[in-house]
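Thanks for asking me to look this one over. My notes are below, as numbered points to read beside the model.

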Amino acid sequence: QVDEISTYRSVARYLIAKEPRFEVLKDHSLEFIDSFCFALRDDETELKDSLDKVIKEMQSDGTLDRLTKEYITDINAENDPPAVELPHFDNADTIKVAVTGDLPPLDFVSADGKPAGFNTAVLAEISNRMLKNIELVQIESGARAAALTSKQVDVVFWAIVPVSEIIPSDSDKPSGVILTDPYYKDKIVHMVFKE
């Protein structure tokens with residue numbers, strides 16, 4: 001019922017490997033690269049600072065590059081992204097993080113309901129470094145901001161649209177929300193059915 005969809009290059013690559021009737025539209029005049037980050041309530045500045053610190057460490061020591069290669073670049077789309085075991089620390093604080101499963105292999109939930117893929121691997125690493133437990137809460141993508149502001153979750157995955165003269169830096173950031181530094185970037189592409 002639609003002629004084309006807009007998604008991320010990594011998602012398109014994964015979907016095309018699963019369904020070869022799709023292809024990426026080659027001749028598209030606009031090129032945008034979104035930055036992936038975490039969104040938190042604006043009163044969670046201490047958690048934001050901790051996440052920013054860990055993201056910088058993971059960028060500096062090559063961990064984010066390694067996870068990108070393992071879970072995005074080199075992923076074999078014939079198989080689902082692997083499940084990721086989140087560590088557990090007795091008596092540690094728990095951070096509730098929303099997952100949607102809408103962007104495989106980035107945000108992925110397997111058929112048996114277990115979150116897997118790149119974002120879950122990033123969260124496992126963050127959990128280990130912060131010595132905090134992470135509880136994944138599956139929600140609908142459109143309900144992310146409401147789940148965050150209603151305190152159902154503490155953190156949601158968010159994408160920052162590229163800033164330009166016509167797009168302000170907070171164009172799609174809900175009121176009362178703060179964003180961490182980006183941990184991943186991906187190009188927006190357009191998928192169509194092959195003719």
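1. First, a term: buried means under 20% relative accessible area, exposed over 50%, and partly exposed in between, with a 1.4 Å probe and protein chains only. By that scale N91 is exposed, because its relative accessibility is 84%. N91 is not a glycine, yet its phi is positive, near 65°. Look for N91 in the loop between helix 3 and strand 4; helices (H or I, at least four residues) and strands (E, at least two) are DSSP runs numbered from the N terminus.

2. A word on the source: this is a predicted model, where local features need pLDDT of at least 70 and side-chain atom pairs count only at pLDDT 80 or more, while totals for chains, interfaces and linings use all residues. Residues are numbered from 1 along each chain as its sequence is written, and side-chain values use heavy atoms, leaving out hydrogens and water.

3. K151 also deserves a look: this residue is not a glycine, and its phi is positive at about 70°. K151 lies in the loop between helix 5 (144–149) and strand 8 (155–160). K151 counts as exposed because its relative accessibility is 55%.

4. The peptide bond from P104 to P105 is cis, with omega near 5°, and P105 sits in the loop between strand 4 (94–99) and strand 5. Most residues other than glycine have a negative phi, and most peptide bonds are trans.

5. Now to helix 1 (residues 9–18), where S10, V11, A12 and Y14 are buried. Among the elements covering these buried residues are strand 1 (4–8), helix 3 (63–73) and strand 10 (184–193).

Definitions and conventions
Contact means heavy atoms within 4.5 Å.
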